[in-house]
Amino acid sequence: MGQEVMHVRWTRAELVAVREAIELTPLFEGRAEVRATVQRTLRANRRDVPIDLTLAERLASHLVPIDMQTAIAKVKLLRAVRDARAPEHSAQRGVEAA
């Protein structure tokens, strides 16, 4: 996919909820890669999930919050995407202002 990698910090409960929600999520480009990334993170007993920014945006737009853990995980994902995009937007604003 893209080359920009971001990180999302989820609890184990949120990771499990996201893994289950991905199974219920309609197909989208990169779904298998996201599912594999979440699975690898769970197996490694980590909390910090490295994910391609483009895939994170797709997951955030397709992820259906089926319970509270999934809803919290989606909010964290959306915030991480926003924060990852923030430097990009501020640089563009600087160019437009010049």
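Helices here are DSSP runs of H or I with at least four residues, strands are runs of E with at least two, and both are numbered from the N terminus. Before you click, note that this is a predicted model, where local features need pLDDT of at least 70, side-chain atom pairs count only at pLDDT 80 or more, and totals for chains, interfaces and linings use all residues. Residues are numbered from 1 along each chain as its sequence is written, and side-chain values use heavy atoms, with hydrogens and water left out.

**Whole chain.** Start with everything shown: 4 helices and 2 strands, running β-α-α-β-α-α from the N terminus. Of the 98 residues, 36% are buried (under 20% relative accessible area with a 1.4 Å probe, protein chains only; exposed is over 50%, and partly exposed lies in between). Take the contacts (heavy atoms within 4.5 Å) with a separation of 6 or more: 74% of them join residues 24 or more positions apart.

**Stop one: His7.** Select His7, in strand S1 (residues 5–9). Leaving out residues up to four places away in sequence, His7 touches Asp48, Val49, Pro50 and Ala80. Now show side chains for His7 and Asp48: they make a polar contact at 3.1 Å. That term means a pair of N or O atoms within 3.5 Å; within protein, one must be able to donate a hydrogen and the other to accept it, and residues adjacent in sequence count only if both atoms are side-chain atoms.

**Stop two: the helix pair.** Select H1 (residues 12–24) and H2, which pack at about 150° with axes 10 Å apart. The axes are lines fitted to C-alpha atoms over the stretch in contact, and angles run from 0 to 180 degrees between N-to-C directions. H1 and H2 are therefore roughly antiparallel (over 145 degrees; under 35 is roughly parallel, 65 to 115 roughly perpendicular, the rest oblique). To see the contact, show side chains including Leu15, Val18 and Ile22 of H1 and Val34, Val38 and Leu42 of H2.

**Last stop: Asn45.** Move to the loop between H2 (31–43) and strand S2 (48–52), where Asn45 sits. Check its backbone: phi of Asn45 is near 60°, a positive value in a residue other than glycine.
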